[in-house]
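Let's take a friendly walk through a protein structure, one piece at a time. Have the picture ready, and try to find each part as you read.

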Amino acid sequence: MSRLRKPWSDRRAELVLGAASLLTGAIVLGMVAFVAVRAWPTFAHNGLSWLAPGGSLGGQIESMLSTATNAPASAYHVRAWPIVYGTLLITGLAVALALPLAVLCAVFIVELAPARVRRVMIRVVRLLASVPSVIWGLLGILVLVPYVGNHLVTSAERTSLQNTVQLTGAGLVVAVVLLTLMITPIMVALTCDALTAVPAAWREGAAALGVNRLRAIRAVTLRAIRPAIVAATVLATARALGEAIMISMVSGSVFFSPRPSDGVAFLFEPLRTLASTIVDFREGLGGAPALNSTLYACALLLLFSVFVLSVAGYLVKLPLRKYQVRG
Amino acid sequence: MSVFVPDPALSAVPPRRRGRGSSLRTWRWSDRLVLLAAWGAGLLLCAVTAAILLYMGYRGVQYLRPSLIFSHPQASKNQAGSGGFLDPLLGTALLTVIGIAIAAPLAICSALWIVEYGGGGRVRRALTRVVEASIEIVAGTPDIVIAVFGLAIFQLHLLAFASFVNEGGGVYGQSFLAAGAMMSLIALPPLFVATRDGLQAVPAHMREAAFALGKTRIATIRRVLLPSVRANVATGVTLGVSRIIADTAIVIVLLGDELRITPHAGSLPGLNVLRGTGSSLTSYVFDNSPAGEGAAPQKAYAAAVVLLLFVLALNLAVERIARRHAHAGGAVAVSGIV
């Protein structure tokens, strides 16, 4: 103890601080390695056709559960396209809805709103961003899902699909609406950040040329921060991909690929995503090896996509430095 | 990674003065439509927030009773007999303490090392890059992935001391220790970013003055730098806490399905709780919603209202810290949300 009380030498201090930060790095890299090792068996058996469509995913998972500890090679057979498709569908729709909403909102906050409204809006964005996903899910499952099920789903749609899937209200549309609301504040915050960093002189220059405020925003400000908007979209996509709890609560939790050919009923069809599948089958983690490996494969896929997205976000933001706009 | 929501007082945009002449009447229709859409988008977010707050407030008045906060959950068929959520509240508190206790030293040490020592030498710069990149990876990692990673390591026999073990020697990997350790990964990025940004904002002449007085680097850190970034660390901790209490995926994977805090039999007192299982407010809400087993919406609403109150309080806390230290810290970092 007395050695610790003495003033530390710089060398020792650096060693301690460096060790702590390398430990942080090691934990994170260990995470990637661990998840990859656990996911390996299922990829070894299925290869990249893990991602392909084929057969009923629900049945495949059932047969994994029935083989206990020593699984035969056949138990690993899985074609996970429905959940990959579900993830892409929900994320794509939510991001497509959130992008215009967030850009308009950010422009409103930074450029258009009166100071008092702006102050309120900043609080609103911050609060919306910190609402826990389980509360979104709770509101979804107790308020939106019954509403959609009772008032929006018509009985004609219900009967036309009764042999394939049950329309309870839990499904695509509720999940997409909630996910949009969850990722919009993140995009707004990032876009606001870039907007405030645009030099005032640029706006003034545009104003001096006689265009109105909105023209100036469109021609100068938004064009300057385009990379930041793309980067914000990429980050929001990563956030949307990984949302597990809310989706698991409101998406109906059925292995089903919603079919656009069903018309309006498409919006009400239930589905699962990669992340919500892990939540739904969390009891199987550490149990039957085939299922365990499949769930870790879902996690690895998420980790990989998020990694690719964050690299993409970094690369997209590079041109911003050219303008010396912080992003 | 750092996200700055513009602070109204510090915003770079100067207040606009509009003369009477430049009215909207001179605008084109397309411009007027976009203006309308922007107002609409802003008001939509306000309306959603107001709707959530009002609806949850209404449910809170309806279902939240003080007795719920002070009673243990009970197994019961109907909602009248299923008790309150004392255990989930304690569980949330315990997870927060464990998570911050692990995350804070790691994050602050990493930030100090990267900002204060990371400059010189090629090897050191490369290592700095690696550490920063890995913190960015963990910031982007979905919580469910962190949860399954936690299960993977705590099911190792090497770490059997940290979680529930059955008679056959099977390691379950579920315990407060496991969940809290993974919570620290969630709290780490906002803490790190807040501290790093604070350190980078300390003007170089303060360090130089300390060195000129003969202080060593570490003494400068302890006497000059750490005191001046205290507000940033506080912001980081607050953001970390709000992420921990809001997280559900880690809890339901790593803390088991027991609503009551269930100490691990046969361990030392104190350690037995850490090795035991339990629940948090979020997992209580999840389990009592129709998505879980309980199907007790009244209890779920009541606990969700308490959770939302915590979130609101933490939001206010971040704002207060930022306002009080605006002269030192600059704009408010909301890095916790990304």
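## Two helices packed inside chain A

In this predicted model, helix H6 (residues 133-152) of chain A packs with H8(A) at an angle of about 145 degrees, and their axes are 10 Å apart. Two packed helices are described by the angle between their axes and the distance between the axes. The crossing of H6(A) and H8(A) is right-handed.

Which residues meet here? From H6(A) come A:Ser133, A:Trp136, A:Gly140, A:Leu144, A:Val145 and A:Val148, and they meet A:Val173, A:Val174, A:Leu178 and A:Met182 in H8(A). Sorted by class, the contact of H6(A) with H8(A) has eight nonpolar residues, two polar ones and no charged ones.

## Chain A as a whole

Now step back to chain A. Its secondary structure consists of 14 helices and zero strands. Along its principal axes, the C-alpha trace of chain A spans about 70 × 70 × 35 Å.

Of the 327 residues of chain A, 54% count as buried. Look also at contacts in chain A with a separation of 6 or more: residues 24 or more positions apart account for 80% of them.

## Chain B as a whole

Chain B has 14 helices and two strands. Its 338 residues include 51% that are buried. Among the contacts in chain B between residues at least 6 apart in sequence, 72% join residues at least 24 apart.

## Where the chains touch

How many residues does each chain bring to the contact? Chain A gives 86 residues and chain B gives 79. On the side of chain A that touches chain B, the largest share, 17 residues, comes from helix H2 (residues 10-46) of chain A. That side of chain A has 63 nonpolar, 14 polar and nine charged residues.

One helix pair lets you see the two chains together. The axes of helix H5 (residues 115-130) of chain A and helix H1 (residues 29-63) of chain B come within 10 Å and cross at roughly 55 degrees, which makes H5(A) oblique to H1(B). The crossing of H5(A) and H1(B) is left-handed. In H5(A), A:Val120, A:Met121, A:Val124, A:Val125, A:Leu127 and A:Leu128 meet B:Gly42, B:Leu45, B:Cys46, B:Val48 and B:Thr49 in H1(B). By class, this contact of H5(A) with H1(B) counts nine nonpolar, two polar and no charged residues.

## The largest nonpolar core

The largest nonpolar core has 214 residues, and those touching the most other members are A:Val35, A:Ala299, B:Val148 and B:Ala304. Helix H8 (residues 172-197) of chain A supplies the largest share of this core, 18 residues.

Leaving aside neighbours within four places in sequence, A:Val35 is in contact with A:Tyr296, A:Ala299, A:Leu300 and A:Leu303 in chain A, and with B:Val145, B:Val148, B:Phe149 and B:Ala152 in chain B.

## A closer look at A:Ala297

A:Ala297 sits in helix H14 (residues 289-322) of chain A. Is A:Ala297 buried or exposed? A:Ala297 is buried, because 24 other C-beta atoms lie within 10 Å, and the cut-off for a buried residue is 20 or more.

Not counting residues up to four places away in sequence, A:Ala297 touches A:Ala39, A:Thr42, A:Phe43 and A:Trp50. For a sense of distance, find A:Glu204 too: A:Ala297 and A:Glu204 are 93 residues apart along the chain, and their C-alpha atoms are separated by 53 Å.

How values were computed: Residues are numbered from 1 along each chain as its sequence is written. Chains are lettered from A and ligands numbered from 1 in the order in which they are written. This is a predicted model: local features need pLDDT of at least 70, side-chain atom pairs count only at pLDDT 80 or more; totals for chains, interfaces and linings use all residues. Helices (H or I, at least four residues) and strands (E, at least two) are DSSP runs, numbered from the N terminus. A residue is buried if 20 or more other C-beta atoms lie within 10 Å of its own, exposed if 12 or fewer, and partly exposed in between; C-beta atoms are placed from the backbone. Two residues are in contact if their C-beta atoms, placed from the backbone, lie within 7 Å. Ala, Val, Leu, Ile, Met, Phe, Trp, Tyr, Cys and Pro count as nonpolar, Asp, Glu, Lys and Arg as charged, and the others, Gly among them, as polar. Axes are lines fitted to C-alpha atoms, for helices over the stretch in contact, and angles run from 0 to 180 degrees between N-to-C directions. Angles under 35 degrees count as roughly parallel, over 145 as roughly antiparallel, 65 to 115 as roughly perpendicular and the rest as oblique. A crossing is left-handed if the near helix is turned anticlockwise from the far one by less than a right angle, and right-handed if clockwise. A nonpolar core is a set of buried Ala, Val, Leu, Ile, Met, Phe, Trp, Tyr and Cys residues joined through C-beta atoms within 7 Å.
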